Amino acid sequence: MIQENNYMVNDLAAKGSQEFYPGQVLTGVQHANDFLFSCANGVQLQLQVITDKILRFRYATEVGFAADFSYAVPAEIPRPDPEFLEFREKPDHFRITTDRLICTVSKETLRVRVLDRSGNVLTADEKGFHWEHDDETGNDVVKMSKQVQSGVHYYGLGDKPDNMNLRGKRFTNWGTDTYGYTKGSDPLYKNIPFYLELQQKIAHGIFFDNTFKASFDFAAERADVTSFWAQGGEMNYYFIYGPTLMEVTQEYTRLTCPPELPPLWALGYHQCKWSYFPESNFKAIAQGFRDRKIPCDALYLDIDYMDGYRCFTWSPTHFPDPKKMVRELAADGFKTVVIIDPGIKIDPEYPVYTEALEKDYFCRRADGPLMKGSVWPGLCNFPDYTRPAVREWWAGLFKGLIEEDGVRGVWNDMNEPAVFEKGTFPDDVRFDYDGHPASHKKAHNVYGMQMARATAAGVKRFSFPNRPFTITRSTYAGGQRYSSGWTGDNIASWEHLWLANIQCQRLSISGFSFIGSDVGGFIDTPDGELYARWMALAAFHPFFRTHSSGDHGEQEPWSFGEATTAIARQFIELRYRLLPYMYTTFWQYVSQGTPMLRPLTFLDQTDTETYLRMAEFGLGDHLLVCPITQAGADGRWMYLPRGDWFYYWTDEPKAGGAEVWASAPLDRIPLFVQAGAVLPMYPLMQYVGEKKVEELTLHVYFKNGVQQSVVYDDGGEGYGYQEGHRTIRRFTVTGTETSLTLTQAIEGDYQPSFTTYQVVLHGLPFVPAAVSTDGAASAITAVAAEAGAALPGVVVAAGFGEIVLR
């Protein structure tokens, strides 16, 4: 009897770890744009038609649906009625049809297929939804497996330091302080459970909105199956149709919401180090930029500016009069940015600690004790940023730094969350989770995002009427609403220069475009060649900052000898001249959801040559960049997308759809401009706002055909643009073998400071004999080009309608 009982116990244990599946579908019911399918064993599928291109799938086991809550997708996102929606029951399946998609749900298995309206299968469940009960936590491990479609490629998933194409790889999302990570390290700091799939030249995306530790297998374990799963929570994912990769990222970014526009200075050059102190050293760094005529807008203070690493304090010995220092730096064009970590030092004499303690704002363990962990100040407690009252309190703490001391930006670090003892919090730490109480297993991946959210609210409140600037190391899907970011504690190596290129592209197509890397590497010290090559790449990343660890030597742009200093200066200057183009690209990201950095595949997904390439990337609509990532190289082979291009440095025309050699000694980076582009440039400034921009230069690149460009302007500061005080200038280039016409259409009422354009013409196949502006003759002048040659140019009023050259 005992033996039989043992068999019975063992049998129950085996059943306890088995996988469970939906039963036969009994009913399928439509409620407006939502559909509910109920199975014989209690499993339910709620299928929501969000738009005609986005379908949401939520599965519940016998316990039913939990409250519908997401940190990634704001509840107030409007859901327009699809133009066409049809629901039909067939003998063996249900079918939902929108203007763009067909979705079938099997009556026998609840498995799903999604097709486009031409009948191409975009995604099809393999096992589909299934789950396993975890006795240890009481959670269901929720799983989804899908068939690998023919010729499929996978992209996205945030900051994964691996090849651009993810096929054959497996990854985990569990935000981790990964000091000195290498290629293939996983997981890293950010948790963005969104990926794109390209097959048969048709693209779609999957966004798995689940904050538990989640894993993704892109045909790694089984070549014919791709899957994703999480250690708890719901199987809750969005299918996002393109059909282009660009449209998939746009739809995802709009679903999770893009950021507001940053201040223009935030797109300038930033300098940071762990750590600049005391005040005399910090001010000497500022003077070093101005003395050497190297443009710079922001200087950072790492943890040593604080009094014993206590957040929201200043060291009385290192920075005795911070308000005066910040004011003096501001007078010379520098914006001061300070670090704030989540760990609050346990100190009964520290007001931030005592107030949070009194109000019970710190995270607690399961049985009630406060969560304790060591970070830079020693033993700390940690605010629960998933609680609205705590976020409001935290935001209010920035009054002193921002409003009173004049600090212009805040940098959140260590917010995975990271602690020294165990890496992160124990699983039993409890969180409010905005009224949906949860353990650390559920809240871990959003901790950094919610800290950044609270920080952004405070910086915005006390910066007004100026715009805020914040930066975060850790985040979750949708975190782009609150902050910029960087790729974490990288290394001064050529591999990490290669990784910086890949990671920034990957984050950009994952909805998080305001991204950059620590130029030159945070760990160890680069040589001058590596630093120069890294500076050249980073000049084309939205967030542009040198940052290094203090124990690895100097890493200012002048730290590697005069030759490297000159090259660093040149690329920073180029960045400042390109600011109107960069700012326009950011506006497109904010208004349309387009990624600022665009992998080659995004530029032409119908060209299979682009599918496995990863070095080349587009910045905005018209620039193509390809960094040099090995020592001793004086150029590189790279692939040009189909179309016509000009090599920026020489104006040499190149036809795309082929490999080309780009000559690039140390003072160049392979950089191409699309034919027909209008590339706007500012006059050189040492910082944003240093001088009034009286003339904007428009570099116009010839195209035998028609090409459109746009330039956006709103002054780069304040919120007038939200009331319509902005100007959108749309340019059209129309070229033939004997003529070029440039037209301008202006929308909006913002009046910029410049009143004229210097139009510079590149690549004309004819020598212009005459030019007219709005019907009146204009004078042709000679303008010096990058390569030293003279190019034809014309100065015109900024309000012109049409320029014709013949």
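**Largest cavity.** I listed the lining of the largest cavity: Pro 580, Tyr 583, Tyr 682, Leu 696, Val 711, Tyr 712, Asp 713 and Phe 754. My working rule came from a 1 Å grid over the protein atoms alone: a cavity is a set of points where a 1.4 Å probe fits but cannot get out, and lining residues have an atom within 4 Å of a point. The volume of this cavity is about 50 Å³. I took a volume as the space filled by probe spheres set on the points, with grid points joined across faces, edges and corners. The structure holds three cavities of 30 Å³ or more.

**Ground rules.** I noted that the model is predicted, that local features need pLDDT of at least 70, that side-chain atom pairs count only at pLDDT 80 or more, and that totals for chains, interfaces and linings use all residues. Residues are numbered from 1 along each chain as its sequence is written, and side-chain values use heavy atoms, with hydrogens and water left out.

**Who supplies that lining?** Which element gives the most to the lining of the largest cavity? I found β43, with three residues. Both α12 (579-592) and β43 (705-713) supply at least two residues each. These labels are DSSP runs numbered from the N terminus: helices are H or I with at least four residues, strands are E with at least two. I then sorted the lining by class and got seven nonpolar, no polar and one charged residues. For the classes, Ala, Val, Leu, Ile, Met, Phe, Trp, Tyr, Cys and Pro count as nonpolar, Asp, Glu, Lys and Arg as charged, and the others, Gly among them, as polar.

**Largest pocket.** Next I turned to pockets, which are open sets of points with protein on both sides within 12 Å along at least five of seven lines. The largest pocket holds about 910 Å³ of space. I counted 35 lining residues; Pro 74, Glu 76, Cys 257, Arg 481 and Tyr 482 lie nearest the centre. Helix α8 (residues 440-463) gives the most to this lining, with four residues. The lining splits into 20 nonpolar, six polar and nine charged residues.

**Second largest pocket.** This pocket has a volume of about 610 Å³. It has 31 lining residues, and nearest its centre are Ala 66, Gly 232, Gly 233, Glu 234 and Lys 442. Two or more residues come from each of β5 (54-60), β11 (140-147) and β18 (235-241). β5 gives the most, with three. By class I found 14 nonpolar, eleven polar and six charged residues.

**Domains from the record.** UniProt, in an unreviewed entry, places "Glycoside hydrolase family 31 N-terminal" at residues 45-217. That span is 0% helix and 46% strand, and its end C-alpha atoms lie 23 Å apart. The unreviewed entry also places "Glycosyl hydrolase family 31 C-terminal" at residues 593-679. There I read 5% helix and 39% strand, with end C-alpha atoms 21 Å apart. UniProt positions are in the numbering used here, feature names are shortened, and annotations may be inferred rather than shown by experiment.

**Cysteines.** How many disulfides are there? With a pair of cysteine sulfur atoms within 2.5 Å as the rule, I counted zero. For Cys 39, the nearest cysteine sulfur is that of Cys 103, 14 Å away. Cys 39 is buried at 6% relative accessibility, and Cys 363 is buried at 1%. Buried means under 20% relative accessible area, exposed over 50%, partly exposed in between (1.4 Å probe, protein chains only).
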